[in-house]
Amino acid sequence: MIERKTKFGIIGLGLLGGSYAIALSQKGYDVTGVDIDENACAAALEKGWAKKAGSDPELLSGCDFVISALYPRTFVEWIRTNQQVLKPGCLLSDVTGVKRYIIEQLGAILRPDVEFIACHPMAGREYRGISYADPHRFKAANFIVVPTRKNTEQAVSAARQLGEILGFRRITELDPDKHDEMIGYLSQLTHVIAVSLMNANDHSDLAAYTGDSFRDLTRIAFINEDLWPQLFVMNKDYLLAEIDAFVSEMQEFRSLIDKEDTESMRQKLIQSSQRQQAFKKNDENK
């Protein structure tokens with residue numbers, strides 16, 4: 001369990017890692033940051049978000065709870081190369097958007113005296129870097145703990161406690177398969193749709209005519225081109241199935257328009273409105 005004396009280490013002081021550092025330091029916890037970006041480390045030290053920060057992994061040697069905010073493959077390689085700096089009994093976690101890959105890879109290389117508990121803060125944004133770090137976004141966001149049968153009750157409890165300390169609105173648990181299936185639909189498919197919508201039309205003057213619907217649908221098309229291809233490929237079984245289902249629905253709607261079947265379209269719109277309102281009500285009540 002997390003105590004007042006618990007020392008946190010954060011690998012990667014970007015948008016999420018920086019937001020974690022701010023939230024934890026504001027709650028009075030000892031935070032150490034590690035990042036290859038000297039400017040990010042300097043900012044964390046200057047603003048008091050970390051007591052220690054630098055590029056040397058050895059800085060983490062005294063930390064009780066280490067959180068990786070690295071890209072998935074970078075995280076695995078960091079552990080492969082640097083896990084010797086983690087102290088025995090250290091708890092290790094992450095922020096990555098795909099869990100089966102991470103859990104499988106770490107399961108093959110992680111020291112037995114370090115326990116990994118996967119977590120997914122659903123609070124990413126289209127911008128990058130510590131200059132955009134802001135823990136206030138956690139107040140409206142979900143925090144997902146993704147345990148396996150190998151995790152101890154203490155680790156799962158500590159992960160849930162971390163979500164509470166960070167200020168997340170809702171904390172839930174999902175097994176790795178269910179998590180990746182859900183993310184394939186709710187996050188990855190929506191990003192593919194947004195990217196496809198922006199790429200389907202090359203009009204540079206769209207801004208002069210657009211309304212809120214286009215802005216809302218395409219906000220997440222401003223996307224991290226280094227991170228998201230990794231996530232798509234690591235979850236391609238679930239993501240491809242979701243894309244196929246979406247394409248099938250689009251083809252069906254196209255057919256209704258072509259046949260001028262306004263009544264069937266009307267029923268689809270009613271169903272979608274009902275589902276959206278049910279989702280909104282359930283989201284607001286939790």
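Strands S1 (residues 7-11) and S2 (residues 30-34) are joined by five bridges and pair in the parallel sense. Within this pairing, Lys7 has Asp30 of S2 opposite. The model is predicted. Both strands belong to an open sheet of six strands with parallel pairing, in the order S3-S2-S1-S4-S5-S6.

- Helix H1 (residues 15-26) lies across S1, S2 and strand S4 (65-68), and runs at about 165 degrees to S1.
- Helix H3 (residues 72-82) lies across S1, S4, strand S5 (91-94) and S6, and its direction is at about 160 degrees to S5.

- Strand S8 (residues 142-146) and strand S9 (residues 170-173) run parallel and are connected by four bridges.
- Together with helix H5 (residues 153-166), S8 and S9 make a right-handed β-α-β unit.
- In this pair of strands, Val145 stands opposite Glu173 of S9.

**Val146**

- Val146 is a residue of strand S8.
- Val146 counts as buried because its relative accessible area is 0%, where the cut-off is under 20%.
- Val146 and Glu173 are 27 residues apart along the chain, and their C-alpha atoms are separated by 5.7 Å.
- Leaving aside residues up to four places away in sequence, Val146 touches Lys99, Ile103, Ile117, Ala118, Leu174, Asp175, Pro176 and His179.

Key. Residues numbered from 1 in each chain as written. Predicted model: local features only at pLDDT ≥ 70, side-chain atom pairs only at ≥ 80, totals over all residues. Heavy atoms only, no water. Pairing = 2+ DSSP bridges. Helix = DSSP H or I, 4+ residues; strand = E, 2+ residues; numbered from the N terminus. Right-handed = clockwise from strand over helix to strand, strands pointing away. Buried < 20%, exposed > 50% of the residue type's maximum accessible area, 1.4 Å probe, protein only. Contact = heavy atoms within 4.5 Å. Axes fitted to C-alpha atoms, helices over the stretch in contact; angles between N-to-C directions.
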